[in-house]
Amino acid sequence: SFQKFLSLSIIIFLILSFAICLAQPDIEKNEIAGELFGVPVPIGNYYFAKRVVLTFNAKWRGIPQGEEELEDLVWQELLFSYEAYRRGIKATDAEVNEQIDEILKSEKVEFDWKQDTKAFKEWVEEKLRMSLETFRNQIEHLVKLEKLRQQVLDSIEPEVTEEEAYQKFLNEYNTLSVELIQFDELEEAERFYKEIKENPGIWEGRKEKEPKSFKRPGFVALDFLIHMWGFKKEDAYKMIEMQEGSFYPPAPIYKGYAVFKILKIRKANPEEFKKRRQSYFEKMRMIKKHEGFKEWAKRLKQKANIKVFIK
């Protein structure tokens with residue numbers, strides 16, 4: 001599915017967050033929220049896009065963290081919608097119905113929405129505080145934007161080298177288990193590292209006193225440590241060359257810095273790459289396609305010369 005419907009707790013947040021929009025007085029038809037490519041954007045379109053971003057996840061954007069990011073995503077949503085319109089992208093009734101099916105299945109509704117229209121109407125109005133027509137328009141909008149995303153991805157044909165495919169294999173097959181202690185400041189981490197180099201027993205004593213400062217990501221691929229825990233690639237590869245039980249000096253992670261204790265190492269077997277070579281070429285192609293999509297979106301935003309009037 002190109003989207004994941006949000007849980008009830010998030011829907012409650014949506015209703016609270018969007019109360020200001022629902023409480024708006026009647027909007028004048030000629031009221032303008034901003035411009036894309038010099039074309040006025042009606043304020044009704046702006047509020048429509050804002051509600052969609054708050055209600056649905058989508059592959060072309062993340063979940064907004066804060067008001068500023070929300071506004072950026074709303075204007076991106078409006079821009080993509082305009083681009084889909086320029087390209088003549090349509091959403092069929094069958095495509096819209098398919099996405100509604102997926103949403104209701106994920107919400108585990110017990111009625112057949114196509115047959116029991118009364119129950120469907122009540123569910124939409126109670127759950128989302130909107131009309132059936134608005135809900136269907138939102139799904140149609142999302143289908144169009146997913147088709148736009150796929151159209152752009154299909155147009156990108158990246159080249160992948162043997163070296164890139166092999167590096168991706170190494171990132172996934174080299175496996176490491178560490179225990180780490182997190183620090184907000186580099187100076188604190190350096191001071192602690194110096195102490196444990198002189199007296200390794202301090203590690204366990206510190207852990208007894210501050211158990212919440214110590215983390216174990218698990219016995220996982222370097223790829224996971226790099227992308228989910230914020231390890232620097234060069235640090236991760238230095239760690240797998242160390243002895244189990246040794247300590248690795250302070251290095252950045254997803255939040256602040258850490259000192260590491262090497263617990264377990266399993267190095268990739270190069271022979272395995274030969275068996276999976278083609279799959280790693282395909283993985284790298286998809287990664288480059290999605291990177292290309294981000295670049296396309298960045299260029300489109302620059303060309304659009306977005307102007308925001310609404311406060």
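The model is predicted: local features need pLDDT of at least 70, side-chain atom pairs count only at pLDDT 80 or more, and totals for chains, interfaces and linings use all residues. Residues are numbered from 1 along each chain as its sequence is written, and side-chain values use heavy atoms, with hydrogens and water left out. Strands are DSSP runs (E, at least two residues), numbered from the N terminus. Two strands count as paired if DSSP finds at least two bridges between them.

**Strand E3**

**Partners of E3**
- With E7, E3 forms an antiparallel pairing over 9 bridges; here Ile181 is opposite Val259.
- E4 (residues 214-215) runs antiparallel to E3 and is joined to E3 by 2 bridges; the partner of Ile181 in E4 is Phe214.
- E5 (residues 220-221) is also antiparallel to E3, with 2 bridges between them; Thr175 faces Ala221 of E5 as its opposite residue.

**Hairpin of E6 and E7**
- E6 (residues 247-252) and E7 (residues 257-266) pair in the antiparallel sense through 4 bridges.
- Ala251 has Ala258 of E7 as its bridge partner.
- The hairpin has 4 residues between the strands, and Gly256 adopts a positive phi near 75°.
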